[in-house]
Amino acid sequence: MSTQFSIYYNSLENQKYLRQIIESGAGKLVESHDLAHLPAQAVNGIDVVFLEYQESNPELDHWIEKIAANPRSPAIFLYFKEISTNNLWKALRLGAKECFTFPIQEEDFRQAVKRLVARTEVRKISAKPTQVISFLGCKGGVGTSFLVANLASLLAQEHRGKVLVVDLDLGFGQLNYFFDVHPEHTLIEVIENIEKLDIIYLQNIFCPIGDNRYLLPAPARLEEAEIINAGHVEKIITYLKNNLGFRWILIDCCHQLDEITMKALELSESLVLVTAQSIPGLSNAKKMLDTLGLLKLKGLEVEVWVNCWDRQHELTVSDAENFLGKTIAGTITCDHQQASFSVNEGKLLVETSPRHPISADLKLMAGKISPEDTPEKTNGSGWKWLQRLWSKKKP
Ligand SMILES: Nc1ncnc2c1ncn2[C@@H]1O[C@H](COP(=O)(O)OP(=O)(O)OP(=O)(O)O)[C@@H](O)[C@H]1O
Ligand SMILES: [Mg+2]
């Protein structure tokens with residue numbers, strides 16, 4: 001379906017011009033309004049309000065700001081008589097999504113609509129049921145967020161399915177840095193609207209992080225995190241799971257087995273426990289496995305993955321398995337330099353270096369999560385591991 005526009009114009013000449021631009025970009029003009037008669041709200045069902053901006057009109061600024069602040073409203077595109085740094089700053093402050101000036105290049109306009117469509121793609125429903133996978137670090141800094149971010153990209157690639165990443169590291173969630181995005185909205189706004197969740201509202205809250213994938217960011221401020229409770233998490237995850245049509249929801253639970261994490265686990269199909277190749281890491285993993293064993297969470301499949309794996313290390317896989325009394329699902333190669341470079345640059349390693357051993361191991365992990373897609377054969381450390389695991393499972 002084409003993108004639906006409404007025009008808000010000052011002069012009839014510009015109304016005609018904007019209509020022509022919309023139609024040349026394969027958009028559909030649904031209605032237009034004179035700026036002198038601004039309606040209280042933007043009309044339902046419209047994707048974009050394309051507005052001819054008028055300088056020195058505080059009422060108009062106020063209207064734009066009000067519309068842009070509401071995630072249920074259409075996106076706002078502004079048309080300026082002339083573009084200047086001041087105008088751009090102003091548009092940004094008001095919450096406009098795109099700015100144009102005469103003459104509008106058709107290609108620029110098409111790209112702007114494409115960006116918008118990427119945002120709204122989230123409405124499309126997956127044919128397969130949503131699978132919720134939680135990731136929990138056995139210790140701080142074991143690479144949980146690194147794994148979640150890279151896996152989100154792998155799972156969304158090749159149209160395997162739409163992915164939503166939920167940052168449940170409420171106090172210190174930093175997944176936005178891994179994707180190099182600057183989210184406008186966070187989980188806290190969802191909490192504020194928890195009694196009236198709807199699909200279009202949520203679609204505007206999610207931050208696009210690439211094709212087929214979105215982020216629900218953690219609150220921006222520490223004090224905001226404190227108002228979130230397990231009841232909120234239950235409502236949100238249940239709604240996301242049942243209504244948004246994602247193939248996968250990946251939850252970064254940080255490294256606390258607290259009431260927020262417990263609620264996420266209750267609603268998850270599987271849990272990836274991320275640990276390190278060290279005595280403290282494995283000892284915490286054992287504690288967590290013991291607690292999870294006592295809790296007997298129904299239908300929750302638990303896997304242990306060891307990140308930062310060094311083949312030369314004295315702790316072997318069988319040492320780890322003997323200690324934990326559980327098979328280790330896989331390992332992810334260690335490369336401090338590349339991993340830290342990718343995090344600091346906000347560029348996912350699986351995208352910049354798809355053949356790197358870490359990427360190869362992560363592809364195996366993605367292949368395990370989505371077994372209908374054959375994982376590529378690689379030289380990653382996990383490969384032999386999984387071979388061994390699969391052969392063990394054969395009757
Ligand atoms: N396979 C790896 N090899 C080497 N370094 C890694 C690997 N995976 C992650 N790292 C490094 O570990 C650092 C911490 O990663 P990350 O932030 O994902 O940890 P975390 O477990 O989410 O931490 P926290 O518990 O604080 O949320 C990253 O900056 C990255 O450089
Ligand atoms: Mg983290």
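## Loops, strands and a ligand

Me: Where is the place of Ser56?

Reply: Helices (H or I, at least four residues) and strands (E, at least two) are DSSP runs, numbered from the N terminus. With those labels, Ser56 falls in the loop between β3 (48-52) and α2 (58-69).

Me: What kind of model is this?

Reply: Some ground rules: residues count from 1 along each chain as its sequence is written, chains are lettered from A and ligands numbered from 1 in the order in which they are written, and side-chain values use heavy atoms, leaving out hydrogens and water. Local features need pLDDT of at least 70, side-chain atom pairs count only at pLDDT 80 or more, and totals for chains, interfaces and linings use all residues, all of this for a predicted model.

Me: Is Ser56 buried or exposed?

Reply: Its backbone stands out, with phi near 50°, a positive value in a residue other than glycine. Most residues other than glycine have a negative phi. For cover, buried means under 20% relative accessible area, exposed over 50%, and partly exposed in between (1.4 Å probe, protein chains only). Ser56 has 72% relative accessibility, so it counts as exposed.

Me: And what is the relative accessibility of Cys308?

Reply: Cys308 isn't a glycine, yet it has a positive phi of about 65°. This residue is in strand β12. Cys308 counts as partly exposed because its relative accessibility is 30%.

Me: Which residue does a cis peptide bond join to Phe102?

Reply: Most peptide bonds are trans. Here omega is about -5°, and the cis bond links Phe102 to Pro103.

Me: Which are the edge strands of the open sheet of 8 strands?

Reply: Two strands pair if DSSP finds at least two bridges between them. The order is β8-β9-β7-β10-β6-β11-β12-β13, with mixed pairing. An edge strand pairs on one side only, which here gives β8 (207-208) and β13 (328-333).

Me: What is the bridge partner of Phe135 in β10?

Reply: Strands β6 (residues 131-137) and β10 (residues 248-252) run in the parallel sense, with 5 bridges. In one of these strands, β10, the partner of Phe135 is Asp252.

Me: Which element gives the largest share of the shell around ligand 1?

Reply: There are 20 residues around the ligand, and Ser145, Phe146, His255, Asn307 and Thr333 come nearest (near means a heavy atom within 4 Å). At least two shell residues each come from α5 (144-156), β12 (301-309) and α14 (336-345). The largest share, 4 residues, is from α14.

Me: How much of the area that ligand 1 exposes taken alone does the protein bury?

Reply: An oxygen atom of ligand 1 is 2.9 Å from a polar backbone atom of Gly143, and a nitrogen atom is 3.1 Å from one of Asp335. Taken alone, ligand 1 exposes 640 Å² (Shrake-Rupley method, 1.4 Å probe; for residues, only the protein chains shown count as cover). Of that, the protein buries 80%.

Me: Which side chain does a polar contact of 2.5 Å join to Thr333?

Reply: Thr333 lies in strand β13 and is buried, at 16% relative accessible area. A polar contact is a pair of N or O atoms within 3.5 Å; within protein, one must be able to donate a hydrogen and the other to accept it, and residues adjacent in sequence count only if both atoms are side-chain atoms. The partner side chain at 2.5 Å is Asp361.
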